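This report describes one protein chain for a reader who is new to structures. Please look at the sequence and the model before reading on.

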Amino acid sequence: MGDGIKLSRLVVSSPVDAIAVAAHLVGFHPSLSLVVVGISDQEGVMVMRRDLTPAHQVADVDASDLSSVEGSESVDECLMSMLKRNEMSAVLLLGYGPEELVTPAMNSVSQAAEQAELPVWVALRVDQGRWWSYTCQDPGCCPPEGTPYDISTSVIAAQATLAGQVVLHNRDELIDSVAPLQGPARTAMQQATQRAEQRMCERMTASGSATDNAAQVVDEGRRFIAELADRVRDGLARLTDDEAAWLGLLLLSLRLRDEAWVRIDVDHLHQHIAFWREMTRRVQEPYAAAPASLLAYAAFASGDGGLANVALDRAEAADPSYTMAHLLRDVIVAGIPPKHVRLNITPEELATGYAEQKPTQGHDGSNSPS
């Protein structure tokens, strides 16, 4: 592979490096999958993965997963169009599984890359601890029986480990990482949620008008979320069960959900991902859409499309009509680069925007813009 291919801060100089970088970018070790890594001249990276079936159909796609195809374009043509729109200039292709499954898919995506004038720098089949090359025909370095590999020998794997980035065994583990907590933790949160619901009921029915009561809850919620954002940034945001349950209720207000959204600091995304992942797992299902969507935003802003997609699955399961989740899903499917979806709005600008818009009722009865 010559002097290597530079992907952002990663340098791919061997097939094992390509396998390692694919797992690093997807977030888990793929199986029965096609992974396409787009590379730009500016050292940008874009990764997509789709499941393979014996019929060479799309069973599941991450952009990390490309999840839908519109119009007359084939899946692979759509994928390459997306890469071109995002100014990728070459691709790495990795197919995971047996030859009879991977090779037809690899031939199709390679043809689409050629039509799109995207050079294929590396094309590998990976299966049962061995790799085979579609781009090298030299049996001296790429024997027909495949080459055994140990991903732990890759410098990229070592860099990811030092950075605290764990590659999960499979996509099921990724899904489990946002699933509701079980056992005593679940029971404790159920009880805390009941207390939070009672507290909210008392606040909303206290003396004074319902509108004034709702406004007071929102004002207090804004201060709580502002304080919480500082704690998240500093890694000190472990909430009690009662705090977590109360935050889950507060986020039913679109105003407070947006307050939390604009306070996701792109310079501290790792901390925000950890916090919103924990919140997504702790809250009761009726309250999961907001924290799961906030997790999806933080994950996608960091370039972790795989985590973003499973977080959106969780959000849509909790509330199939949740607008933020649909918006983020559309952004991912369209292949918009993460750097272009990061919010450039301050909490002060958000407050001004809400004040200038005609109020309508939010999820919890508080004022939210339409």
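## The chain as a whole

The model is predicted. The chain holds 14 helices and eleven strands. Of its 370 residues, 48% are buried.

Contacts can also be sorted by how far apart the partners are in sequence. Among contacts between residues at least 6 apart in sequence, 65% join residues at least 24 apart.

Strand 3 covers residues 33-39. Is this strand largely enclosed by the rest of the structure, or open to the outside? Seven of its seven residues are buried, so strand 3 is largely enclosed by the rest of the structure. The burial applies to both faces. On one side are Ser 33, Val 35, Val 37 and Ile 39, and on the other are Leu 34, Val 36 and Gly 38.

Strand 3 pairs with strand 4, residues 45-52, through seven bridges in the antiparallel sense. In this pairing, Val 36 stands opposite Met 48 of strand 4. Strand 3 is also joined to strand 6, residues 90-96, by seven bridges, and these two strands run antiparallel. Here Val 37 stands opposite Leu 92 of strand 6.

## Helix 9 against helix 14

Two packed helices are described by the angle between their axes and the distance between the axes. Helix 9 spans residues 254-262 and helix 14 spans residues 347-356. Their packing angle is about 155 degrees, and their axes are 9 Å apart. Angles over 145 degrees count as roughly antiparallel, and helix 9 and helix 14 are therefore roughly antiparallel to each other.

The crossing of helix 9 and helix 14 is right-handed. On the helix 9 side, the contact is made by Leu 254, Arg 255, Asp 258, Glu 259 and Val 262. On the helix 14 side, Pro 347, Leu 350, Ala 351 and Tyr 354 take part.

Arg 125 is found in strand 7, which covers residues 120-127. Its relative accessible area is 7%, so Arg 125 is buried, as the cut-off for buried is under 20%. A polar atom of the Arg 125 side chain lies 3.0 Å from the backbone oxygen of Gly 97. Leaving aside residues up to four places away in sequence, Arg 125 touches several others, including Gly 95, Pro 98, Glu 99, Val 102, Trp 131 and Tyr 134.

Arg 329 lies in helix 13, residues 323-333. With 14% relative accessibility, Arg 329 also counts as buried. Which residues does Arg 329 touch, not counting residues up to four places away in sequence? They are Asn 309, Leu 312, Asp 313 and Glu 316. With Glu 316, the side chain of Arg 329 makes a polar contact to the side chain, at 2.9 Å.

## Asp 150 in a loop

Asp 150 sits in the loop between strand 9 (147-148) and helix 4 (155-162). Asp 150 counts as partly exposed because its relative accessibility is 40%, and the range for that class lies between 20% and 50%.

The side chains of Asp 150 and Ser 152 are joined by a polar contact of 2.6 Å. Asp 150 and Val 16 are 134 residues apart along the chain, yet their C-alpha atoms are separated by 7.4 Å.

Terms used:
Residues numbered from 1 in each chain as written. Predicted model: local features only at pLDDT ≥ 70, side-chain atom pairs only at ≥ 80, totals over all residues. Heavy atoms only, no water. Buried < 20%, exposed > 50% of the residue type's maximum accessible area, 1.4 Å probe, protein only. Helix = DSSP H or I, 4+ residues; strand = E, 2+ residues; numbered from the N terminus. Pairing = 2+ DSSP bridges. Polar contact = N/O pair within 3.5 Å; in protein donor to acceptor, adjacent residues only side chain to side chain. Contact = heavy atoms within 4.5 Å. Axes fitted to C-alpha atoms, helices over the stretch in contact; angles between N-to-C directions. Parallel < 35°, antiparallel > 145°, perpendicular 65-115°, else oblique. Left-handed = near helix turned anticlockwise from the far one by under 90°.
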